[in-house]
Amino acid sequence: MTKFLTSTALATILALPAMAEQTDISQTVDALQQALNTIDISDDAANVSQAGINAANIISIDFGSLDDVDQFSENGMIQNAINDFETQGTVGNNAILTDVSQSGTNVLNSIDLTVDGGQGFDLNRLVQEIDNADQTATNDIDILNGSSIGIDQGATNVMNMAAMDDLLEDSAVNDLQQQIDDSNQVAGNEFDIDLGVDDISQNAVNVMNLAEVEDDLKGDSFQYVQDSTQTATNEASDTTVGASINSLVQSAVNIANSLDVGGATTDGGSLEFASIGQVYEGVPGGQLADNYVQFSTGGVTGPAVDVDGELIIDQSALNAINLATVTNVGWTISQSAVDVDQKSLNLAQGIGVGVNADLTNFDQSATNVGNILSAGALPDLVGMTEVTQTFAGDQLAQNGMFGADDLTSVTQAATNVINSVSGL
């Protein structure tokens, strides 16, 4: 997941000068960032791209290790990445949109020391803290008297992201610390048309506290989210009589606290050891992943399989809290999630439908997970509880299909998982 931003937001950052392993970096930001794109026309459009990007406190190098890094955002940081496209055809001259893409991206506090196809570089100690920040990434396409082929909408918000080879420090404090308090993320895509659409993809993603250690975690790690909300929504609508929606894919994802360690969590040679702690203290409306499609008499047909022959989920909604994947666990792991409110929702709604308002090759998957540990090996420590998982709250996974005529090759999967320990 760490590379999905490098070609967008991080590509806008100037290269940093050469650094040594003893280099310390401290970044603090308190700002308003707005990246706004608007198009309003009266006819056809082809090969159009809108990209709104905001990035603050970014470190991306591929030539050396770093010592201590601090990244802070305080006092109401705001990032808005908004794309809007409108066109209006006429009854006698319909507008046609072909190959239109919208991308809204906000990134706050990011460090990447990995190298494509090779070994990355190390970090001694990392602290990333965000307080009272808001990220909004939205894309909107509105077509009157028109149709479209090839629509791609992506909305992404990220707070606190880190990727490295080894984390080296092992001190009396948290050596890898990611903390978010009283902050909000909204990622949304909306598409409204009236004469049919072929090939539409909508992806809304919110991430709070993501860390990937390619090799060993040699110090304590602590990820903490408190009093914060994540909302990821996708909406596609075509309710004109006879109009159809073909090859629709919607994905809404919220992730809070995710740690991936490719090697081992070790004691680093001291008495502090390398413990892993993940804490989530929620609020009402904490995580909402919602996909909605509104269709008319032409119905909805999803893509059957991808190029590798795998099933494509047309509507996928996922909320995840406290994910840890560790190849070799050497010390303790604690995962706590309280006051949790997770809602993953998928809805396909027919409006004024009749014959041929069919759902074909259409799949819905709604999933909520909390406190998930995947490990290749677990320790046996004398007199200690090696793994602790605590969860309190609500999970709702719901799928709905209403108003259709015939159903062909349709599936629904609603899944909730709390407190899981499994092998890799």
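The model is predicted, so local features need pLDDT of at least 70 and side-chain atom pairs count only at pLDDT 80 or more, while totals for chains, interfaces and linings use all residues. Residues are numbered from 1 along each chain as its sequence is written, and side-chain values use heavy atoms, leaving out hydrogens and water.

**The whole chain**

Begin with the protein chain in a cartoon display. There are 23 strands and 0 helices; strands (E, at least two residues) and helices (H or I, at least four) are DSSP runs, numbered from the N terminus. Of the 424 residues, 52% count as buried, where buried means under 20% relative accessible area, exposed over 50%, and partly exposed in between (1.4 Å probe, protein chains only). Among contacts (heavy atoms within 4.5 Å) with a separation of 6 or more, 86% join residues 24 or more positions apart.

**Two asparagines**

Select Asn-132 next, in the loop between strand S7 (123-131) and strand S8 (134-144). Its phi is near 60 degrees, a positive value in a residue other than glycine. Asn-132 is partly exposed, because its relative accessible area is 33%.

Now select Asn-160, which lies in strand S9 (residues 146-164). The phi of Asn-160 is also positive, near 65 degrees. Is Asn-160 buried or exposed? Asn-160 is buried, since its relative accessible area is 0%.

**The nonpolar cores**

Turn to the interior. A nonpolar core is a set of buried Ala, Val, Leu, Ile, Met, Phe, Trp, Tyr and Cys residues joined through side-chain atoms within 4.5 Å. The largest such core has 25 residues, and Leu-66, Val-69, Ile-111, Leu-123, Met-164 and Leu-217 have the most contacts inside it. Several strands each supply at least two residues of this core, among them strand S4 (66-73), strand S12 (197-213) and strand S21 (359-375). A second, separate core has 23 residues, including Ile-141, Ala-357, Phe-362 and Met-401. In soluble globular proteins, nonpolar side chains tend to be buried together.

**The aromatic pair**

How many aromatic pairs does a search of the whole structure find? The search finds 1. Rings of Phe, Tyr and Trp (its six-membered ring) pair if their centres lie within 6.5 Å; planes under 30 degrees apart count as stacked, over 60 as edge-to-face and the rest as tilted. The ring centres of Phe-222 and Tyr-224 are 5.9 Å apart and the planes are at 20 degrees, so this pair is stacked. Phe-222 counts as partly exposed, at 21% relative accessibility, whereas Tyr-224 is buried, at 13%.
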